[in-house]
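Trainee: Before we start, I would like to go through the labels on this structure and ask what each one rests on.
Mentor: Then look at it first, and we will take the labels in turn.

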Amino acid sequence: MHVWSVANQKGGVGKTTTTVALGCLLADKGKRVLMLDLDPQGSLGSYFGHSPEQAAQSSFHWFAAPGKLAEDVLNGCIRHTDTRNLHLVPGSTALATLERSAVTQEGMGLAISRALSRLWDDYDYVLIDSPPTLGVLLINALAASERLIIPVQTEFLAIKGVERMLNTLNMVNRSRRQPLPYLLVPTLFDRRTQASVSSFRHMRKTWPDVTWHAAIPVDTRLRDASSQGVTPLALDPDSRGIQAYGSLLKTLLKAESALTSTAGVAANG
Ligand code: ADP
Ligand code: MG
């Protein structure tokens, strides 16, 4: 099982869209995919028709105290979608209450890691859609992940958000054995606007090794898909948006196999 988080401490940058796009593309390759909504806004769940006002069978229940998550609750939160191999755990507004109460509880930063470890054989990929605020939810997402995808809207004020996210990452890395690999993904790119072009260039210049070489373009088909509750792949596999996400996925999978083979060399060496 590979666990990837999609995070940025800023809303409206394409986190949920990226989660759904990568999720449906991986499922289309025959991978068993679980998308996990850890955003109290519950946009990922809403996308597939699950109301965030409803706490029942949502990721909220995965934050049980150590040893207290029952098997039927663990599995009962998982919903199927119309796409084969693509499952999800919806979010809920109740998640917001955890930000206040759970931080002080022992082991709460690892609730999601613990839950996912019990599903290890059931999924090839888990994609976590993270909340835009730094708290117990984001910490859980990052602690459970082996890779972080940071969508960055290509506009003037985006850079500040990246710096904040990288500070958080530094903090999280202090308690990890290995630093969490990450990729900055320029999103909502419109080559006709100066703001898009110059912020894309700025990102490539400031973070050359960790910024994806291309960008996800503005594509109304991605927005149409979300308003119709279908994956962008089901709506229009030829759209510019889903094509760009396909190329992003290629980059991510390549990075993953490079990581695996490096580990292999080290293990053999
Ligand atoms: P976040 O999860 O970071 O808040 P979303 O993925 O929900 O961001 O995107 C915010 C809004 O922008 C949504 O309405 C979504 O449909 C739209 N959107 C996201 N990416 C694109 C894109 N590449 N082209 C057009 N619209 C997009
Ligand atoms: Mg979102």
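Mentor: A residue is buried if 20 or more other C-beta atoms lie within 10 Å of its own, exposed if 12 or fewer, and partly exposed in between, with C-beta atoms placed from the backbone. Helices (H or I, at least four residues) and strands (E, at least two) are DSSP runs, numbered from the N terminus. This is a predicted model, in which local features need pLDDT of at least 70 and side-chain atom pairs count only at pLDDT 80 or more, while totals for chains, interfaces and linings use all residues. Residues are numbered from 1 along each chain as its sequence is written, and chains are lettered from A and ligands numbered from 1 in the order in which they are written.

Trainee: Which residues of α7 are buried?
Mentor: Ala158, Val162, Met165 and Val172.

Trainee: What do the buried residues of α7 pack against?
Mentor: Their partners are α6, β6, β7 and α8 (194-206). Contact here requires C-beta atoms, placed from the backbone, within 7 Å.

Trainee: How do you know what span to expect for α8?
Mentor: The expected span is 1.5 Å times one less than the number of residues. For the 13 residues of α8 that gives 18 Å, and the end C-alpha atoms are 18 Å apart, so the two agree. Ser196, Ser199, Phe200 and Met203 are buried in α8. These fall within an arc of 105° seen down the axis, so they line one face of the helix. The face turned away from them carries the exposed Gln194, Arg201 and Lys205.

Trainee: Why is proline 208 called exposed?
Mentor: Proline 208 has 9 other C-beta atoms within 10 Å, so it falls under the exposed limit. It lies in the loop between α8 and α9.

Trainee: What makes β6 largely enclosed by the rest of the structure?
Mentor: Six of the seven residues of β6 are buried, so the strand is largely enclosed.

Trainee: How do you know which strands pair with β6?
Mentor: Two strands pair if DSSP finds at least two bridges between them. β1 and β6 have three bridges, in the parallel sense, and six bridges join β6 to β7, also parallel. Both pairs therefore meet the requirement. Tryptophan 4 stands opposite arginine 147 in β6, and leucine 148 stands opposite tyrosine 182 in β7.

Trainee: Why are β3 and β7 called edge strands?
Mentor: The open sheet has seven strands in the order β3-β4-β2-β5-β1-β6-β7, with mixed pairing. β3 (79-80) and β7 (182-187) each pair on one side only. β3 pairs with β4 (residues 86-89) in the antiparallel sense over two bridges, and arginine 79 stands opposite leucine 88 in β4.

Trainee: What surrounds ligand 1?
Mentor: 18 residues do, the closest being Gly14, Lys15, Thr16, Thr17 and Arg223; a residue is near a molecule if its C-beta atom, placed from the backbone, lies within 6 Å of it. The largest share of that shell, four residues, comes from α9.

Methods: Contact = placed C-beta atoms within 7 Å. Arc of directions from axis to C-beta.
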